[in-house]
Amino acid sequence: MADPMRIRAALAGDETTVRVLMAHIMEPGTRRDAAGALIPAHFIQDVDASHNGKSVLKAMWTGAVSQNPFLSFKFKGAAKGDKVVVKWVDNKRDTRTDEATIA
Amino acid sequence: MKSTRRSALKATGAFATLVSLGLVTQSQAQAAVDRASFSVKTLDDALKAIGGTPANSDQVTVVSPDIAENGAVVPVGVTSKLPNTTEIYIIIEKNPTPLAAAFMIPAGTAADVQTRVKMGQSTNVVAVVKADGKLFSATKETKVTLGGCGG
Amino acid sequence: MKKYMRLARLPASIFALSACSTGLGGGADYDKMFQDAVTASFQPKGIATMDYLKPDSANNICAAADVAGKPLDDKMVQAIEAAEMKTIKMPSDGKFLGDWKEGERIAQSGRGLTWTDKITDVSGGNCYNCHQMDKKEISYGNLGPSLYNYGKLRGVTDPSGAASKPIVEYTWGKLWNARAYNACSQMPRVGHKGILTEQQIQHVMALLLDPNSPVNK
Amino acid sequence: MRSSEAIRLAILAGALSAAAAASAQGTTAEGIAKYREMLQDGNPADLFDMKGEELWKQKRGPKAATLERCDLGKGPGVLAGAFTELPRFFADTGKVMDLETRLIHCMVTIQGFNESDLYKAAPSIGRGEGANLVAMTTYLATQSRGMRFNLPQNRPEEKNMYEVGKRLFFQRAGPHDFSCSSCHGVEGGRIRLQDLPLLTKNPGDGVGFAAWPAYRVSNGQMWTMQKRLNDCYRQQRFPEPKFGSDVTIALGVYMGVNAKGAVSAVPTIKR
């Protein structure tokens, strides 16, 4: 099973900044191992962040996003104590959902 | 060099005009690209997949380092000051599959995202945004250097 | 070249005597503890066998001086340099210069001889790790002096000409065994220790001395 | 055809102005410094720290116990300031131990893990108990973040380790005749573009010994001091130092004592 994400969400003024770290290998599928065999692709394809059930960001990724991906974005309309939920799905249909409380 | 630059600027101007006339834009109002777009091999094809030719805009900013010590992790951020920015694309021109990431920005979310991407070599980073259904871009070059021992 | 002759004629007896003791200063126990720790701690892995740790007089003497924090005395320096000078082999085919383009590839590569390398892997010269060479390469180290314009600064216009002979031979010797000219130099003994082949050294020589090489542009 | 040419030109124009701005911004060194600064926000080391904390507090091993009573040198369960005094002498084992060997000791005595199994697993930092050790080491070291290194040198065993470490630091061998000192014995040294800390003295806050454990962006791995030393010896063209061996502990004591007063910045992020 995938390791948890670290999500930090902080409200400043009327804007919430969300910073997410995801534990993922992000193997692009183009690299070869020592024996010359292609290493199969394994990367996060879809990311969906939501607040109170409403999507605040969707992303589509490739193996060109770095290993253990970092994502930062900002949105309006949240209050301290609200939850931000982040979900990712990779190309092997493995998925992980974590949440953080806005500070 | 000079003449190249002048014609380049001229081309930009012409394109900006075409875009403002709505002649070269696509009108996919909502729309994420399809997954196949991420496997195209050239910048041109990536732009086609996104929906056409963007106009250079000083309202779009790509933040990436001038020099990256390691191509495996290069911080890249894109911001757009254009109203109604709904999509952001990060294209790494020299990567084997240039389109690296796409972001869909709903109302209420700032057109301001940051992530980290891989670069196989020194390259232009092209940010394309869709605002009011039209495409705009900004470009920044990042040099990738060798690091320590063993390189 | 005068220096070469003078040092080469020095007897190596002083060197042989002092090489027996590691002379690490302080309590002798520390030296033994150090040896015991080395024996107990290292294990062979891949091509990096325990042979990598076999005693080498010049290395032991230089390390002892570092531990003591005192430079070597002149006699010791001369003894080491004389002994190392004897290891230098001039090119077997009489050719000093190869292809600078090959040399550039060798200079850029830092690979070879670690436990993750294979015996069949081609070693690099590690040159850029420590030296500036081609002005266009921004990623260069500074542990060694800049070699940009190495040949040009030394007036080498025709590396095969008689006027260039001393500098060409010196450069070959320096690459083969840098310790012959500087007893405790940190530069690997590229030829003497078999890091690069004779042919590879010829290519690196061309990178340094060929007037068409980017080093001399 | 014409349109794709125009795209290229348009993009080129953007790149040209960006390049002009870049050259005005200064040197390569400044560029690299800026790159490193940009990486600071969002260090994936946090993921390892998080996982380590969870493992530390979890009932694990044959004895199904948590490690929360483990004594890292400041008393059972005291974490803050423990890392910045390691390696140190432990009376219960009669040995000088670093954080990683002490952690294994606690897993063996408190949780009932098999010692030789753990030593066998430890070098594989990416999987199984090896990965768990790395995560916990990151967590434990992070508990002393911002504190100053202050290794004890009161015991003869600790002094001996320092002297042995010093000799190891200058030991020259292998096909390249390299020592630790070849790269880390000068001020302002650089391999390629990589700055090399001078390790015979305190190289500064968060530099050298005070910068590990660190997340390596080049391979997405979290490296502890044991792994750092292992890879130094690889590139030095030496045989391999066994995990937790006297050589690794002695070098830790030598560098740690020299770094006295340096602020630990762990976990850091590095090329």
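Student: How many residues of chain D are in contact with chain A, and what makes them count as in contact?

Tutor: In this predicted model, 7 residues of chain D are in contact with 10 residues of chain A. They count because their C-beta atoms, placed from the backbone, lie within 7 Å of a partner.

Student: What classes of residue make up the side of chain D that touches chain A?

Tutor: That side of chain D divides into 3 nonpolar, 2 polar and 2 charged residues.

Student: Why are β5 of chain A and β7 of chain B called paired strands?

Tutor: Pairing requires at least two bridges between the strands. Strand β5 (residues 70-76) of chain A and strand β7 (residues 112-117) of chain B are joined by 2 bridges, so they pair. The two strands run antiparallel, and S72(A) stands opposite Q114(B).

Student: Which sheet do these strands belong to, and what is its order?

Tutor: They belong to an open sheet of 6 strands, ordered β1(A)-β2(A)-β5(A)-β7(B)-β4(B)-β2(B), with antiparallel pairing.

Student: What makes a strand of this sheet an edge strand, and which are they?

Tutor: An edge strand pairs on one side only. Here that applies to β1 (6-12) of chain A and β2 (60-63) of chain B. From one strand to the next, the twist averages 15 degrees.

Student: Where are the domains of chain D, and how far apart are their centres?

Tutor: The domain assignment gives domain 1 as 45-142 and domain 2 as 156-270. Their centres, taken over C-alpha atoms, are separated by 21 Å.

Student: How many residues of each domain of chain D take part in the contact?

Tutor: Domain 1 of chain D supplies 23 residues and domain 2 of chain D supplies 21. Among the elements giving two or more residues to the domain 1 side are α3 (45-56) and α4 (99-109) of chain D. The most comes from α6(D), with 5 residues.

Student: What is the make-up of that domain 1 side by class?

Tutor: By class, the side of domain 1 of chain D that touches domain 2 has 13 nonpolar, 6 polar and 4 charged residues.

Student: How confident is the predictor in chain D?

Tutor: The mean pLDDT of chain D is 91, and 90% of its residues reach 70 or more. Over residues 7-26 of chain D, however, the pLDDT is below 50. Beyond near neighbours in sequence, that stretch has 32 contacts in the model. Where pLDDT is low, the predicted coordinates should not be read in detail.

Student: What ipTM and pTM does the predictor give the complex?

Tutor: The ipTM is 0.81 and the pTM is 0.84.

Key. Residues are numbered from 1 along each chain as its sequence is written. Chains are lettered from A and ligands numbered from 1 in the order in which they are written. This is a predicted model: local features need pLDDT of at least 70, side-chain atom pairs count only at pLDDT 80 or more; totals for chains, interfaces and linings use all residues. Helices (H or I, at least four residues) and strands (E, at least two) are DSSP runs, numbered from the N terminus. Axes are lines fitted to C-alpha atoms, for helices over the stretch in contact, and angles run from 0 to 180 degrees between N-to-C directions. pLDDT is the predictor's confidence in each residue, from 0 to 100. Two residues are in contact if their C-beta atoms, placed from the backbone, lie within 7 Å. Ala, Val, Leu, Ile, Met, Phe, Trp, Tyr, Cys and Pro count as nonpolar, Asp, Glu, Lys and Arg as charged, and the others, Gly among them, as polar. Domain bounds come from an automatic or database domain assignment.
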